[in-house]
Amino acid sequence: MSELRPVRGTHDLLGEDMRRHSHVHETARRLASRYGYGEIETPIFEFTEVFQRTLGDTSDVVTKEMYTFTDRGGEQLTLRPENTAGVARAFVTNGLQQSLPVKLFYHGPMFRYERPQKGRMRQFHQIGIEVLGAPEALADAEVIALGAHVLDELGVLGKTVLQLNSLGDPESRAAYRDRLVAYFSSHEAKLSEDSRNRLHKNPLRILDSKDAGDRELVADAPLMGESLNQASKDFFQTVTDGLDALGIAYVLDPRLVRGLDYYTHTAFEFVTTHLGAQGTVLGGGRYDGLIRSMGGPDVPGVGWAAGVERLAALIEAPPPAIRPVAIVPIGTAAERAAWQLAQELRRAGQHVELAFRGKPAQRMKRADRLDARLALFLGDDELAAGVVKLRDLATGAEHAVAREALLDELNRSA
């Protein structure tokens with residue numbers, strides 16, 4: 001190998017990119033906790049069946065994008081392309097149905113083999129929430145409200161539009177499926193090969209096709225709203241009433257769907273025009289049939305996932321890097337005292353830089369590179385007097401501070 005480099009579609013996170021990334025998931029984690037969501041971390045790989053059964057054999061993710069391999073024990077495993085299936089599997093595995101509803105937050109890497117482009121990587125990161133065991137429409141409203149709250153806290157809600165639709169209950173969805181099959185069957189010769197394969201297995205997936213010919217047919221396809229029964233209309237009305245009560249703006253999009261059979265009722269996406277073709281930054285919906293399809297109990301669910309890289313690209317600026325305090329020992333005797341002082345201040349909550357070696361001038365150069373806010377000088381005179389010389393690196397002003405008063409001084413100047 002002539003050159004070490006990351007695998008195509010992956011990237012290293014450091015510096016400003018890392019601060020943006022951390023700001024997104026830490027903001028989401030903090031807000032999710034306010035809403036009563038506990039945190040879960042599932043393995044980054046599962047038995048392949050977990051995703052095949054939940055995402056469907058006809059989905060692009062399963063047929064084209066999953067990283068699947070056979071391990072040394074002969075088991076077929078897949079790096080997770082999304083995390084709802086993993087959370088649902090964990091729900092069943094750990095017997096969490098004994099304490100419904102279960103509200104969970106997650107963050108971590110996902111993997112899909114696809115053409116890398118801005119906002120679309122082969123290893124990417126998501127934040128997400130799942131509510132399991134809550135059949136009420138207000139659970140959908142809360143999930144959307146939390147998503148809006150996260151976007152607002154990140155300062156990007158105004159760059160997005162919330163698109164909303166109802167997929168109806170299973171009865172409504174079955175009726176809509178029949179109408180779609182009848183419509184697309186009459187135009188079967190014009191469908192792409194992928195859509196013809198999906199026509200009788202999962203016709204709703206045709207509505208998400210990117211093929212230009214399919215898109216022309218989709219424009220005249222029946223709308224889901226035309227197949228909704230009264231119970232489905234009432235459920236959706238409760239969701240929109242809840243959003244109205246919270247002042248959360250939305251646009252009804254009758255073409256917005258989720259292609260998997262277990263999705264029901266609410267479907268939603270926060271979309272933006274600020275990231276080129278990758279317009280969806282947060283999306284989700286209700287999936288009442290998912291856990292049952294995995295062989296678990298009949299437990300409803302609703303949730304969303306958001307791409308961390310896309311949100312990180314949308315925010316105006318990440319939080320600035322923390323400016324440390326640099327300790328500069330002068331002389332051999334001060335080295336030990338500086339080591340002890342650094343640990344004392346770190347345990348008290350201060351961010352402290354203490355170089356491992358170098359003359360005072362060299363240590364000050366490092367402090368400048370790290371954009372330290374203060375320098376603390378310790379020499380023989382300071383040790384004898386029980387003080388530390390403190391220099392403001394922005395103004396150059398210096399003064400001596402008694403060791404016992406140093407922490408209060410640092411806290412005041414922070």
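Relative accessible area under 20% counts as buried, over 50% as exposed, and anything in between as partly exposed. The exercises below apply to a predicted model.

**Exercise 1**

Task: Classify Arg30 as buried, exposed or partly exposed, then describe its salt bridge with Glu153.

Solution:
- Step 1. Arg30 has a relative accessibility of 36%, so Arg30 is partly exposed.
- Step 2. The closest N and O atoms of Glu153 and Arg30 are 3.3 Å apart, and the two form a salt bridge.
- Step 3. Glu153 belongs to helix α5 (residues 137–153) and Arg30 to helix α1; the two residues are 123 apart, and the pair links distant parts of the chain.
- Step 4. Glu153, at 37%, is partly exposed.

**Exercise 2**

Task: Work out which elements are tied together by the salt bridge of Glu39 and Arg29, and by that of Glu46 and Arg89.

Solution:
- Step 1. Glu39 and Arg29 meet through their side chains, N to O, at 3.0 Å.
- Step 2. Strand β1 (residues 38–39) holds Glu39 and helix α1 (residues 15–34) holds Arg29, so this pair ties together parts ten residues apart in sequence.
- Step 3. Glu39 is partly exposed at 46%, and Arg29 is partly exposed at 30%.
- Step 4. In the salt bridge of Glu46 with Arg89, the closest N and O atoms are 2.9 Å apart.
- Step 5. Glu46 sits in strand β2 (residues 45–47) and Arg89 in helix α4 (residues 84–93), so parts 43 residues apart in sequence are tied together.
- Step 6. Glu46 is buried at 7%; Arg89 is buried at 19%.

**Exercise 3**

Task: Locate Glu130 and state which side chain it joins in a polar contact of 2.5 Å.

Solution:
- Step 1. Glu130 is part of strand β6 (residues 123–132).
- Step 2. With a relative accessible area of 1%, Glu130 is buried.
- Step 3. The side chain that Glu130 joins at 2.5 Å is that of Tyr287.
- Step 4. Beyond four places in sequence, the contacts of Glu130 include Tyr37, Thr84, Lys103 and Val302.

**Exercise 4**

Task: Give the strand order of the five-stranded open sheet and find the strands at its edges.

Solution:
- Step 1. The order is β13-β12-β14-β15-β16, with mixed pairing.
- Step 2. β13 (352–353) and β16 (398–402) each have a single partner strand, so one side of each lacks a neighbour in the sheet.
- Step 3. Helix α12 (residues 332–347) packs on the sheet, touching β12, β13, β14 and β15, at about 160 degrees to β12.
- Step 4. Helix α13 (residues 360–369) lies across β12, β13, β14 and β15 at about 175 degrees to β12.
- Step 5. β12 (residues 325–329) and β14 (residues 374–378) run parallel, joined by five bridges.

Terms used: Residues are numbered from 1 along each chain as its sequence is written. This is a predicted model: local features need pLDDT of at least 70, side-chain atom pairs count only at pLDDT 80 or more; totals for chains, interfaces and linings use all residues. Side-chain values use heavy atoms; hydrogens and water are left out. Two strands pair if DSSP finds at least two bridges between them. Helices (H or I, at least four residues) and strands (E, at least two) are DSSP runs, numbered from the N terminus. Contact means heavy atoms within 4.5 Å. Axes are lines fitted to C-alpha atoms, for helices over the stretch in contact, and angles run from 0 to 180 degrees between N-to-C directions. Buried means under 20% relative accessible area, exposed over 50%, partly exposed in between (1.4 Å probe, protein chains only). A polar contact is a pair of N or O atoms within 3.5 Å; within protein, one must be able to donate a hydrogen and the other to accept it, and residues adjacent in sequence count only if both atoms are side-chain atoms. A salt bridge is a side-chain nitrogen of Lys or Arg within 4 Å of a carboxyl oxygen of Asp or Glu.
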